[in-house]
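Here are a few exercises to work through with the model open beside you. Try each task before reading its solution.

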Amino acid sequence: MTDPATPDDAGRWRELNRAWWDERTPLHVASPLYDVAGFRAGRETLRPFELELLGDVSGLRLVHLQCHFGLDTLGWARHGASVVGLDFSAPAVEVASALADELGLDGSFVCADVYDAVAALGGERFDVVCTGFGALNWLPDLEAWSEVVAALLRPGGRLLLAEFHPFSWVFGADREGERFEVIDDYFGEAPLHDDASGSYADLDAHTSNNRTVEHQHPLGSILGSLLRRGLVLEAYDEYDHTLFPQFPWLEHHETTGSWHVPAGEPRVPLMFALVARRPSEAAED
């Protein structure tokens, strides 16, 4: 990422990032990438591997952290879960709440920062915590995040984390026709500043709130933060495709809606997913 922002931006990370998301919510709602009309008509928003990893969620209480405007959250409601989504962007929460009401789905939404989720959700514990796909890179403190996750899980409850693979972010994608070229530090600890207009859902959109502060979290840091909270890893997998044109030369598969490295080219992991369980009270004792 570029680094034109001032050092003060790191201290204003939440303010800057919220402004970015607030402005882009209506762009995303209108974008073909999110296909809200298709969702209204019954389009499946969840990936097959997510459904396989969690299995039947009928009757379960599920919270989706950093849920944006709630399509995946409400997708779990369509599979029988009672869901609540949490996001720090008020415009996103308003859209999500309206969609839930319009479609008669068992879902509610709360506007709060993820670090404040335990209090914002009234101390409720859940059967399932879901998060991912461009969520962790916005958070400066994984240890505090994993404490929130553990506190939200009832004994025996499960976390489903499905995320873009941190290894994929070390590669550049600036020029048409390039293949993988390492340009960034996988173990980088400094905040990543950007000041680019547009959005992953509309690269050419004209936007004014463009400064962001993001963070590179290696896979070991993600897993380690969860294990240090006492969660038990039950499943882990990596995937050679992604959900948006992360690199200009990825190929779009119309049938799945996913983006792939061209056939015959070397592949790297572009997404990963895991399930981690909070031990039962007896196991904790």
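A residue counts as exposed when its relative accessible area is over 50%, and as buried when that area is under 20%. Keep in mind that the model is predicted.

**Exercise 1. Classify the ring pair of Tyr-186 and Phe-187, and decide for each residue whether it is buried or exposed.**

Solution. 
- Step 1: A pair of aromatic rings is described by the distance of the centres and the angle of the planes.
- Step 2: For Tyr-186 and Phe-187, the centres are 4.9 Å apart and the planes make 85 degrees. Centres within 6.5 Å make a pair, and planes over 60 degrees apart count as edge-to-face, so Tyr-186 and Phe-187 form an edge-to-face pair.
- Step 3: Phe-187 has a relative accessible area of 60%, so this residue is exposed.
- Step 4: Tyr-186 has 18%, so this residue is buried.
- Step 5: To set the pair in context, the structure holds 18 aromatic pairs.

**Exercise 2. Work out the order of the strands in the open sheet and which strands stand at its edges.**

Solution. 
- Step 1: Seven strands make up the open sheet, ordered β3-β2-β1-β4-β5-β12-β8, with mixed pairing.
- Step 2: β3 (107-111) and β8 (232-239) each have a single partner strand, so they stand at the edges, with one side of each lacking a neighbour in the sheet.
- Step 3: From one strand to the next, the twist averages 15 degrees.
- Step 4: Look at β1 and β4, which pair in the parallel sense over three bridges. The bridge partner of Val-63 in β4 is Val-129.

**Exercise 3. Determine how many residues the largest nonpolar core has and which element supplies the largest share.**

Solution. 
- Step 1: The largest nonpolar core has 41 residues; Val-63 and Trp-145 are among those with the most contacts inside it.
- Step 2: Elements supplying at least two residues each include β1 (61-65), β4 (126-132) and α8 (142-152).
- Step 3: α8 gives the largest share, five residues.
- Step 4: Another core, of 27 residues, lies apart from this one and includes Leu-46 and Cys-130.

Note on methods
Residues numbered from 1 in each chain as written. Predicted model: local features only at pLDDT ≥ 70, side-chain atom pairs only at ≥ 80, totals over all residues. Heavy atoms only, no water. Phe/Tyr/Trp six-rings, centres within 6.5 Å; stacked < 30°, edge-to-face > 60°. Buried < 20%, exposed > 50% of the residue type's maximum accessible area, 1.4 Å probe, protein only. Core = buried A, V, L, I, M, F, W, Y, C linked by side-chain atoms within 4.5 Å. Helix = DSSP H or I, 4+ residues; strand = E, 2+ residues; numbered from the N terminus. Pairing = 2+ DSSP bridges. Axes fitted to C-alpha atoms, helices over the stretch in contact; angles between N-to-C directions.
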